[in-house]
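Visitor: I'd like to learn how to read a fold like this one. Could you walk me through it?

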Amino acid sequence: MSQSLWQRLFNHRQQTKQAVLILGSGRSGTSVMTKCVNLMGISLGTDNLLAPSKRINPKGYFENKDVINIHKSLGSRIRYRPAFKGYYDSPKIKKDRAALTTYLRNFFENEQYLAIKDPRMNDYIELWQRVLADVEVQPAEIVLLRNPMDVVNSNERAWHRDTTLAMRQWQVRTLLSLRDTDREHRILVTYEDLFGQTLTTLKRIATQFNLPWTSDEAALQAQIDDFIDPALQKSDSGENLAILKLERT
């Protein structure tokens, strides 16, 4: 007996492969978001992750070294950002595009979901979108937003980075993540919601993107509580983006 139309539609929806891209400026909660998405049951693609830093990021960065290497190679060929128009089809990055395509195609042979976070990915969102389309994987883009002054302070504390350079980095990576993401496959998450309403925020993400969700929310909440350490939020002014906007008007 043939399947009904509704059964075929349901099965198609269930089989959709998705890459969850965690975007936005560094020091905006991207590492925490990545681990929380991982706690939902979504693979980080490898055990070959960037090692934690005891002083700067003791819980871990959760960045895939295989992807980092591709991004670094891209950066050696495209030495400024935003990248030039149409860079994703340029012969200059042909090998890097092929490497990313191969990585994703191999991963998704046996997996349905992947979560990727690397600050450099903000520079190459359009490339990711095209390669994902090539391998028939749908992007699920999460953009983290945080008060820029808190980002600057966090950069100064962690890296002793010059205030002007830290602000420029926040501007570039935040603006690129907002400009280049696809609104139909994008969700914006504030730093305050990530840390103040973590479970609710994750459920909103899972619902919007049709990602796996636990049947035991209490267990997931316990894992979140065990992972997130409020003592590590050392550059939090308590001023959210809405307050900052009001103060500037």
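Guide: One term before we start: contact means heavy atoms within 4.5 Å. This is a predicted model, where local features need pLDDT of at least 70, side-chain atom pairs count only at pLDDT 80 or more, and totals for chains, interfaces and linings use all residues. Residues are numbered from 1 along each chain as its sequence is written, and side-chain values use heavy atoms, with hydrogens and water left out.

Visitor: What covers the buried residues of α5?

Guide: Helices (H or I, at least four residues) and strands (E, at least two) are DSSP runs, numbered from the N terminus. Buried means under 20% relative accessible area, exposed over 50%, and partly exposed in between, with a 1.4 Å probe and protein chains only. In α5, residues 125-134, the buried ones are I125, L127, W128, Q129, V131 and L132. Their cover includes β1, β2 and β3 along with helices α3, α4 and α7. After α5 comes E136, with a positive phi near 60 degrees.

Visitor: In what order do the four strands of the open sheet run?

Guide: Strands of a sheet pair through backbone hydrogen bonds, either parallel or antiparallel. Two strands pair here if DSSP finds at least two bridges between them. The order is β2-β1-β3-β4, with parallel pairing. At the edges sit β2 (113-117) and β4 (186-190), each pairing on one side only. Between β1 (residues 18-23) and β2 there are five bridges, and I22 stands opposite K117.

Visitor: Is β2 enclosed or open?

Guide: Five of its five residues are buried, so β2 is largely enclosed by the rest of the structure. Y113, A115 and K117 are buried on one side, L114 and I116 on the other.

Visitor: Which strands does helix α9 lie across?

Guide: Angles run from 0 to 180 degrees between N-to-C directions, and axes are lines fitted to C-alpha atoms, for helices over the stretch in contact. Helix α9 (198-209) lies across β1, β3 and β4, at about 175 degrees to β4. Helix α7 (163-180) also lies across β1, β3 and β4, running at about 145 degrees to β3.

Visitor: How do the residues lining the largest pocket divide?

Guide: Ala, Val, Leu, Ile, Met, Phe, Trp, Tyr, Cys and Pro count as nonpolar, Asp, Glu, Lys and Arg as charged, and the others, Gly among them, as polar. By that count, the lining has 13 nonpolar, 13 polar and 16 charged residues.
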